[in-house]
Amino acid sequence: MNPQTDRAAAIVEQYGCKTENLIAILQDIQAAYNYLSEANLTLVADRLGISVSKVYSVATFYENFSLEAKGRHIIKVCAGTACHVRKSGPIYDAIYEYLGLSGKRRTSDDGMFTLETVACLGACGLAPVMTVDGEVHAKMSPTSALELLEKIRKEEAAQ
């Protein structure tokens, strides 16, 4: 029993170990773990009878797949035109600093948050917009964004 790969093995089996299901398998594994680990990519390759490089090439081709561990809460700040014009950049910068991120690192040290940008969230009339775990938050500012993250931290601490 290996908790890092047990669910992934079950997912591959669920799809009958068929290579034509590779993308669906990777999607389900990412949904289960929040990212695709090296161990899980290797497991998929072994179970499907294909090379690790083939699995890796599919995982890196599609933007939706992540090879880095993500936090428990995924923050997406819109960088589309409407949001950019209404100052989404300072929102991103404030969150980046608040989470103590540096360089290309996007996940906080405590594993609670991952910060991403997206080209458009489709809520231009509500700009600037961000989502946390898929929930849309409209007309944000750096202050309101940080208040929201503090609220999430407090809720988790209370559990």
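This is a predicted model: local features need pLDDT of at least 70, side-chain atom pairs count only at pLDDT 80 or more; totals for chains, interfaces and linings use all residues.
Strand 3, residues 130–132, and strand 4 run antiparallel to each other and pair over three bridges. They belong to an open, four-stranded sheet in the order 2-1-3-4, where the pairing is mixed. At the edges sit strand 2 (113–118) and strand 4 (135–137), each with pairing on one side only. On average, neighbouring strands here are turned by 25° against each other, ignoring direction.

Two helices pack on this sheet. Helix 6, residues 88–98, touches strand 1 (73–78), strand 2 and strand 3, and its direction makes about 150° with that of strand 1. Helix 7, residues 142–158, touches strands 1, 2, 3 and 4, and makes about 5° with the direction of strand 3.

Now, over to the largest nonpolar core. It has 19 residues, and Leu-26, Ile-29 and Val-44 touch the most other members. Helix 1 (6–14), helix 2 (22–33), helix 3 (38–48) and helix 4 (52–61) each contribute at least two residues to this core. Take Val-44: setting aside neighbours within four places in sequence, its contacts are Val-12, Leu-22, Ile-25, Leu-26, Ile-29 and Val-55. There is also a second, separate core of 17 residues, including Val-77, Met-112, Met-140 and Ile-152.

One last stop, friends: Gln-30, in helix 2. Gln-30 counts as buried because its relative accessibility is 14%, and the cut-off is under 20%. Beyond residues up to four places away in sequence, Gln-30 touches Tyr-35, Leu-36, Asn-64, Phe-65 and Ser-66. Thanks, everyone!

Conventions
Residues are numbered from 1 along each chain as its sequence is written. Side-chain values use heavy atoms; hydrogens and water are left out. A nonpolar core is a set of buried Ala, Val, Leu, Ile, Met, Phe, Trp, Tyr and Cys residues joined through side-chain atoms within 4.5 Å. Buried means under 20% relative accessible area, exposed over 50%, partly exposed in between (1.4 Å probe, protein chains only). Contact means heavy atoms within 4.5 Å. Two strands pair if DSSP finds at least two bridges between them. Axes are lines fitted to C-alpha atoms, for helices over the stretch in contact, and angles run from 0 to 180 degrees between N-to-C directions.
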